[in-house]
Amino acid sequence: MTTVAIFVDTQNVYYTVRDAYAKHFDYRRFWAKVTANREVLTARCYATDKGDAKQREFQNILRSIGFEVKLKPYIQRADGSAKGDWDVGITLDAIEYAALADVIVLVSGDGDFDLLAQKIREVYGKRVEVYGVPKLTANSLIQAASQFIPIEGDLLLG
């Protein structure tokens, strides 16, 4: 059976799906699609934690689906900007699992991950599937992936 490791840039998916479609990402349908006939080695969602009840409820839903939820504190800077970036954490985890899994699934449109996708394909010889909102996914990431799967249609809620 094909093994898979799944890494979801939760903040990126939330904002790109909201901005492009005014909807939400359907994590349950995504899970069913990406895990069909595959053995899941790990499935992780990376998010910032503001500590509010609605966010905790969402995190619990993700856990009930099968995801491990990795949280980083939400940091509000004095200038009003915010910090809560998981790029390095996602990259380290994906590289760790690249040696173990047949397929690496990355859910993000962030072009910073193009080097990661390229490295996993070239060094580890693994398949990299990228899920992202077509008009908000960096072209460099789409090109670096083995396959780009658009987040649209049945992967949307509401």
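First, the ground rules. The model is predicted, so local features need pLDDT of at least 70 and side-chain atom pairs count only at pLDDT 80 or more, while totals for chains, interfaces and linings use all residues. Residues are numbered from 1 along each chain as its sequence is written, and side-chain values use heavy atoms, with hydrogens and water left out.

Let's start with empty space. Rolling a probe the size of a water molecule over the atoms shows where empty space is left. Here a pocket is an open set of points on a 1 Å grid over the protein atoms alone, where a 1.4 Å probe fits, with protein on both sides within 12 Å along at least five of seven lines. How much space lies in the largest pocket? About 720 Å³. That volume is the space filled by probe spheres set on the points, with grid points joined across faces, edges and corners.

Who lines the largest pocket? There are 24 lining residues, meaning residues with an atom within 4 Å of a point. Closest to the centre are Tyr14, His24, Lys54, Gln55 and Phe58. The elements giving two or more residues to the lining are α1, β2, α2, β3 and α3 (53-65). Helices (H or I, at least four residues) and strands (E, at least two) are DSSP runs, numbered from the N terminus. Which element gives the most? It is α3, with eight residues. By type, the lining divides into 12 nonpolar, six polar and six charged residues. Nonpolar covers Ala, Val, Leu, Ile, Met, Phe, Trp, Tyr, Cys and Pro; charged covers Asp, Glu, Lys and Arg; the others, Gly among them, count as polar.

Now helix α2. Its buried residues are Tyr27, Phe30, Trp31, Val34 and Thr35. Buried means under 20% relative accessible area, exposed over 50%, and partly exposed in between (1.4 Å probe, protein chains only). Look down the axis of α2: the buried residues fall within an arc of 105°, so they line one face of the helix. The arc is that of the directions from the helix axis to the C-beta atoms. Asp26 caps the N-terminal end of α2, with a side-chain oxygen 3.2 Å from the backbone nitrogen of Arg28. After α2 comes Asn37.

Asn37 has a positive phi of about 60°, although it is not a glycine. Asn37 sits in the loop between α2 (27-35) and β3 (38-49). Is Asn37 buried or exposed? Exposed, at a relative accessible area of 69%. Ala22 also has a positive phi, about 55°, and is not a glycine. Find Ala22 in the loop between α1 (10-21) and β2 (24-25). Ala22 is exposed, at 64%.

Next, Thr42 in strand β3. Thr42 is buried, with a relative accessible area of 7%. Which residues does Thr42 touch, beyond those up to four places away in sequence? Val4, Ala5, Ile6, Phe7, Glu68 and Tyr97. Contact here means heavy atoms within 4.5 Å. Val4 is 38 residues away along the chain, yet the two C-alpha atoms are separated by 7.3 Å. The side chains of Thr42 and Arg44 make a polar contact of 3.0 Å. A polar contact is a pair of N or O atoms within 3.5 Å; within protein, one must be able to donate a hydrogen and the other to accept it, and residues adjacent in sequence count only if both atoms are side-chain atoms.

Arg44 turns up again with Asp93. Asp93 is in helix α4 (residues 87-98) and is buried, at 9%. Leaving aside neighbours within four places in sequence, Asp93 contacts Phe7, Arg44, Tyr46 and Lys70.

Then Leu71, in strand β4 (residues 68-73). Leu71 is partly exposed, at 33%. Not counting residues up to four places away, Leu71 touches Ala47, Thr48, Asp49, Gln59, Arg63 and Trp86.

Last stop: helix α5 (residues 114-124). Its buried residues are Asp114, Leu116, Ala117 and Ile120. What covers them? The cover includes α4, β7 (103-107), β8 (127-132) and α6 (139-144). After α5 comes Gly125, with a positive phi near 65°.
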